[in-house]
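Please read them alongside the sequence and coordinates.

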Amino acid sequence: MLWKEQRTPLALAAALLAAGAAHAQEGDGGKLESVVVTANKRVQNLQDVPASITVLGDAVLQRSNVRELDDLPSLSPALTLSYGTQPGNFSINMRGVGTFSLGIGVEADVAVIVDDIPLGMQANAFKDLADVHRIEVLKGPQSTLFGKSSIAGALNITTRPIGGPVKTSATLLATNDHEWRAGVSVSGAVSDTFRMRIAASKTDYDGTLDNLTTGGRLNGSKGDNLNAKFEWQPLDNLTFTLSPRYNRTEKFCCTTAFTSMTPGGLYRNAPQLPQSVVLRDIHIAPGNRGVRNDYPTGGKFRDWGVGFKVDYGLAAGHTLSSISSYGKYHMDDYQDNDATDIDILQYLTLQDGSPTGMHGGLYQYGQFNVKSTTQEFRLTSPDKGTVRYVVGLWYGKNDLNRELAKAPLIFNYGTNYGADAWNVNKAVYGQGTWDLRPDTSLIVGARWNDEDTGYNYRRYTVPPQAFALTEFYTKSDSNSSKTWKLGLEHRLTRDAMVYGTVSTGHKGVAYDLTSGFTAALAAKPAVPPETARSYELGWKQSLWDNRAMFSMALFRTEFRNFQQSAGFFDYDGIFRTALNSLGGLRTQGLEVEGSVRATPRLQLNGSFAYTEATITEFRNGPCYNVLNAAGTAATPGPGCFQSPEFNNTNVQDLAGKTLPNAPKVKLNLGGQYDVPLASLPFNAFISGTTRFQSRTQYSLNQDPMTIQGAYAISNLSVGATDKRGRWKASLFVNNLFDKRYAAGLNNSIANGTWSPKAPNAPRAVNTTEWLPPRDWHRYFGVRANMTF
């Protein structure tokens, strides 16, 4: 039914695209602008790069009002984001694959690189995309050029360049649901040898959930950004670039709201805590946005750093570059864990039936600290000649720290630990293209990595006990690895190219540095490295004298020893979540992207991805629960069994099942129509986008209650732009047809929180929750850009 309801905007957009193609074929349009990328660490035309890449340029980012990473999946079909309980547990997924275990001892599968500098921790990417000029979505293993943390892909981000005389620009945005943004920049050439750019911005969004306790909102954010770029060119062949940055962000995030709950549940089996008391005035139903939190939830972080780049032009057009960076990231995270503002502890009892003697609720707080240092030396050949190449040396060091306290110690709830993790990586890499003949080229790349890793783990007494160290573990490892890329590119004509590539990826050993860490885990070796091998066949084509272009890619990537968390009963009988090395994953599918200048006034674009992200081996996968026949207790769902191999834990074999948050079909269609106004000093425009996503499973355990149905979301904007380029203004409406969907779904049966047991009448309580996305409803906004 959901598909039938929402197919109209898709059909309209498809018809527009087809009509545009027909007009372009008749030859009544202007040419498309060339799109450049730096995916191969050199500036190239997108159509000349033998790889599947989505490029989100400045015009697209502005037209789509992109503010942060959360806005990108609506523009790139290969990209999804998974949300955890705080920003340190978020995940970027490429072609369905991402890191679903984000302790500090596990690297991400998707790297984020900003102006040639990789972020030390993926959580650092979930902030305002301030002063961004272009984002390249690089799909599949990128380990040869971008290192071990890009085994599934990379986001290659370029900030705005400096150009022309000194100008001042300002941006303002406001919406009817309490979001606003303001930014200002000064950029240009100060002298013949010195250029600079300074940009500052501030953003604020209240959020999607109503906190009935405080009268405020949750799942919003606010941030302050300051970015600068200074370029000095004392000689024609020598350029120095200094790029300092500072960001301060607070995310009031990661809270879910109840959408259903079996009547009659008691909180922790306390008769004084029925649903009507604990969740008073919350109207539990699909679409509910009311919550009660008396403790902050989210994360507050600061990020600052500096990059320094030296480019020296050598003879015959070669360039020698030195790229240095240093950065620090600190986040304070906090979470309300009882979903109520009631003084619940006074009503609860310990396992022996005695009162707790406490007041307050359940909560946790902690911090992340990351220090990153990188140094790269790179030699780049000119982009002409029979052989073109880039070779380099790489050094990177990351020091990470995690402190977490979950209090109080009751019902095996409390924990208090600290962990340090470090990795030092040294690498030699190179990639080149050799023209075997004028129309055929061989692509060869390789990287050698040497890595030293390790950790310290500390456990402390749990508040409100006196602080004391109770356990300490340490370990270090060293390993080396090789990755490579091999490809063949054949140019059918000046405007058409086909290619085939094989590439490998590698991610180092991992450590399970979470609250479930034990002496038994410390005695085990590190979780083995993760590896990948990817195959890609592609076709790129320009049409009608560059009035249209498209690309198509078939891909298949096999992952081995995928690093993933799974639950089990430990030797002491307590259920814990531990990091595992899965046998394998596979992601395969088809990607198509295209643009067409239908007329001088109308440009259309579209992208499509069909992705099968499948588990090929996971014998001790987690189970989900269902109600027993009497409705009084939970029982393992279909396919679950007790496995002697895994301590007689209830597990299920997940081979053949889908990865979470990996929709099979994603489709994006959009366009802009420019309206010249001859008698006025400005022109008008209208633009629109539609995106479609097929049904999505949000849980690794394959719970049928955590499936988001298919949906389509459409956005529309109208505006005017000054003919002299001094200003641009637009009015936009997002989620035009007011369609509801979730960014995350939870389902729980008899989880010990809402399920009464003796001496109260036994009953199993089923609860479901949802995480509303930013565009959970229709909202309106205005945006203005000015240049002085």
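The points below concern a predicted model and take up its nonpolar cores, its disulfides and a surface patch.

1. The largest nonpolar core holds 40 residues, of which Leu69, Leu72, Ile92, Ile135 and Leu155 touch the most other members. At least two residues of this core come from each of several strands, including β4 (79–82), β5 (91–94), β9 (153–159) and β28 (548–569), while the largest share, 3 residues, is supplied by β8.

2. Ile92 has contacts, leaving aside residues up to four places away in sequence, with Leu69, Leu79, Val110, Phe126 and Leu155, among others.

3. The whole structure contains 2 disulfides, and, with the bonded cysteines numbered in sequence order, they pair as 1-2, 3-4. One of them joins Cys253 to Cys254, with an S to S distance of 2.2 Å; both cysteines are buried, and the link is left-handed, with -50° about the S-S bond.

4. The disulfide between Cys623 and Cys640, with S to S at 2.2 Å, is left-handed because the torsion about its S-S bond is about -135°. This pair links distant parts of the chain, 17 residues apart, with Cys623 in the loop between β30 and β31 and Cys640 in the loop between β32 and β33. Cys640 counts as buried because its relative accessibility is 17%, under the 20% cut-off.

5. On the surface, Tyr673, Ile686, Leu716, Val718, Leu731 and Val782 form a nonpolar patch with about 460 Å² of accessible area together. Leu731, which lies in strand β40 (residues 727–734), is partly exposed, its relative accessible area being 46%.

Methods
Residues are numbered from 1 along each chain as its sequence is written. This is a predicted model: local features need pLDDT of at least 70, side-chain atom pairs count only at pLDDT 80 or more; totals for chains, interfaces and linings use all residues. Side-chain values use heavy atoms; hydrogens and water are left out. Patches are made of residues with over 30% relative accessible area and no salt bridge: like charges are joined within 9 Å, nonpolar side chains (Val, Leu, Ile, Met, Phe, Trp, Tyr) within 5 Å. Accessible areas come from the Shrake-Rupley method with a 1.4 Å probe; for residues, only the protein chains shown count as cover. A salt bridge is a side-chain nitrogen of Lys or Arg within 4 Å of a carboxyl oxygen of Asp or Glu. Helices (H or I, at least four residues) and strands (E, at least two) are DSSP runs, numbered from the N terminus. Buried means under 20% relative accessible area, exposed over 50%, partly exposed in between (1.4 Å probe, protein chains only). A nonpolar core is a set of buried Ala, Val, Leu, Ile, Met, Phe, Trp, Tyr and Cys residues joined through side-chain atoms within 4.5 Å. Contact means heavy atoms within 4.5 Å. A disulfide is a pair of cysteine sulfur atoms within 2.5 Å.
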